[in-house]
Amino acid sequence: MTTNRAFCDGINRRDLLRIGLAGSLGGAVSLPQLLAASGKATGGATAKADSVIILFLKGGLSTIDTLDLKPKAPSEFRGEFDPIATNVPGIEICSHLPKLAQTANRFSLLRSMTHQNSDHGGADHYMLTGYAPAPGFNPGLKPNNQRPAHGSMISRQLGPRGGVPAYVCVPKAHASAGSAYLGSLNAPFVVEADPNQPNFSVPDLMPPLTVDSSRLNDRRALSAVVDRFAKDGENEINKSAKQLSTFQQKAFELVTSTETRKAFDIAEESDKLRDAYGRHTLGQSCLLARRLVQAGVRCVTIDHQNWDTHYDNFKVLKNDLLPHLDMALPLLLTDLDDRGLLDRTLVIVMGEFGRTPRVNQYAGRDHWGPSNCILLAGGGIKHGLAIGKTNARGERPDGDPTSPEDLAATMHYLLGIDPNEEFYTPEGRPVKVVNGGKVVYGLV
C-alpha cells in the first residue's frame with residue numbers, strides 16, 4: 001500500500017514529487033524542465049501575435065444554435081433559439097448571447113470548419129493538434145497525444161518569455177493537451193486547481209506545507225553542495241549535472257519569485273472585475289488566462305466542460321452554459337483590448353465538433369464533425385467578419401471547406417512560425433509543424 005509518509009527531514013513524498021517532478025511522467029512539466037526550455041528561437045519578423053488563448057468547449061458547442069443559426073430551416077433543424085443582430089451589420093448570433101453580440105466588432109466567425117471525426121477522443125485530438133488521429137490512437141490515455149498539442153508546438157518554436165512557462169493549461173490538462181514526441185520540456189504547466197475556488201493557488205508555485213521558507217533555503221544550500229560534484233570534471237555526465245544545477249537554481253527562484261507567483265494570483269484582481277467575468281470556473285479561467293498572457297505566457301489552453309448536449313440541449317444551453325459564456329468571453333476580449341493586449345493575443349474559441357443539424361428525440365443534438373464554427377479574435381485577425389458558410393440546414397460547408405490543418409496553419413502563421421518547417425522526432429522521423437494546412441488569408 002502506498003502511503004504519504006514524511007521523509008525524516010519533514011518533507012513528504014508527495015511534496016517532493018510536486019516540487020521536483022511536477023507530474024512530468026503524466027504529461028505535465030516540472031519547474032526545472034520548463035526552465036530548461038529557455039533560449040528557444042523567437043517568432044519571425046512577420047509575427048502578428050505573441051500569445052494565444054485557446055478556449056476549448058469540451059463536448060462540442062452546438063454552433064447551429066449559437067454562432068451559425070438557421071432560422072429559415074424546418075423546425076426539427078432550426079431548434080428553439082432565435083438570432084439577434086450584433087453590432088456588426090449583417091452578422092447575427094444567438095439571442096442568448098446578447099453581450100457577445102455587442103462585441104462582434106472584436107471577433108470574426110469561421111463558419112466553414114469541417115472534418116469527418118464525430119467521436120470525442122479523436123475529434124479532440126484533431127482540433128487540439130491539427131493532426132487526425134492515426135490507427136492505434138487510444139483516447140483513454142492521459143495524455144493521449146500521438147502528435148503534439150498546439151501549445152506544445154508553440155512552446156518548442158517560440159520558447160518561454162521571462163520566468164513564466166511557455167504553455168499553461170487551466171484549470172487542468174485536456175487528455176489531448178500533451179507534448180507527444182516533443183518531450184517533457186514542451187509539456188504544459190498544469191494549474192490543477194479551479195480558479196473559482198476561494199482558496200485557489202497553484203500547487204507547483206507554493207512551497208510544501210511541511211517546509212517553511214527557511215528550510216526551503218536550507219535545501220538550496222544542500223543543492224549547492226551536491227552541485228559542486230559537477231565541477232570535478234568535464235565529461236558528459238558532469239556537463240549534464242552543471243546544466244541541471246542551473247535549472248534547479250532557476251526552479252528555486254521560480255518557486256520563491258514574487259513576480260512569477262503574482263501572475264497566477266487571481267486574488268489581486270478587484271472583486272468588481274471578478275464578478276463581471278463571472279464567479280464560475282469559465283469566468284475565472286478566462287480572467288486567469290488574461291493575467292498569464294499579460295505576464296508573458298505564450299499559450300493558455302482553457303479546458304471547459306460539459307458542452308455535450310445530447311439531452312435537453314436548449315434548456316442546458318439557455319440556463320447554464322450560455323449565460324457563463326456570455327459573461328466571460330465578451331469581457332475577456334474587452335479586457336484584453338482595454339489593456340492593449342488584444343492586438344498581440346490570438347483568441348480561439350472552439351469545440352471538437354458541432355452538433356447534429358437535426359434535433360434528436362431527447363430535445364438534444366448529437367456529435368457532428370462535418371459542420372462547425374470557430375470564433376477568432378485579436379492577434380492579427382480581421383474583426384467583424386463571417387468567413388465561409390454552411391448550407392441551409394447547417395449540415396456541411398457550402399463552398400470552400402476549412403480543416404483543422406488550416407486552422408493550425410493560420411494560428412502558427414500569425415505567431416510568426418513557419419507552418420511548413422520540418423524537424424525530426426527523437427526517432428529520426430521527419431515531421432512538419434503543420435500537416436499541410438493552408439492559411440485562411442481571408443481572416444488575417
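Hi everyone, let's start with the sheet: it is open, has eight strands with mixed pairing, and runs in the order S6-S5-S7-S1-S8-S11-S4-S12. Strands here are DSSP runs of E with at least two residues, helices are runs of H or I with at least four, and both are numbered from the N terminus. Two strands pair if DSSP finds at least two bridges between them. Strand S6 (189-190) and strand S12 (386-387) are at the edges with a single partner strand each, so one side of each has no neighbour in the sheet.

A quick note: this is a predicted model, where local features need pLDDT of at least 70, side-chain atom pairs count only at pLDDT 80 or more, and totals for chains, interfaces and linings use all residues. Residues are numbered from 1 along each chain as its sequence is written, and side-chain values use heavy atoms, leaving out hydrogens and water.

Now look at S1 (residues 51-57) and S7 (residues 299-304): they run parallel, joined by six bridges. Which residue of S7 is the bridge partner of isoleucine 54? That is threonine 301.

Next, lysine 70, which lies in the loop between S1 and helix H3 (75-78). Is lysine 70 buried or exposed? Its relative accessible area is 12%, so lysine 70 is buried (buried means under 20%, exposed over 50%, partly exposed in between, with a 1.4 Å probe and protein chains only). Among the residues that lysine 70 touches, not counting those up to four places away in sequence, are Ile64, Arg78 and Thr390; contact means heavy atoms within 4.5 Å.
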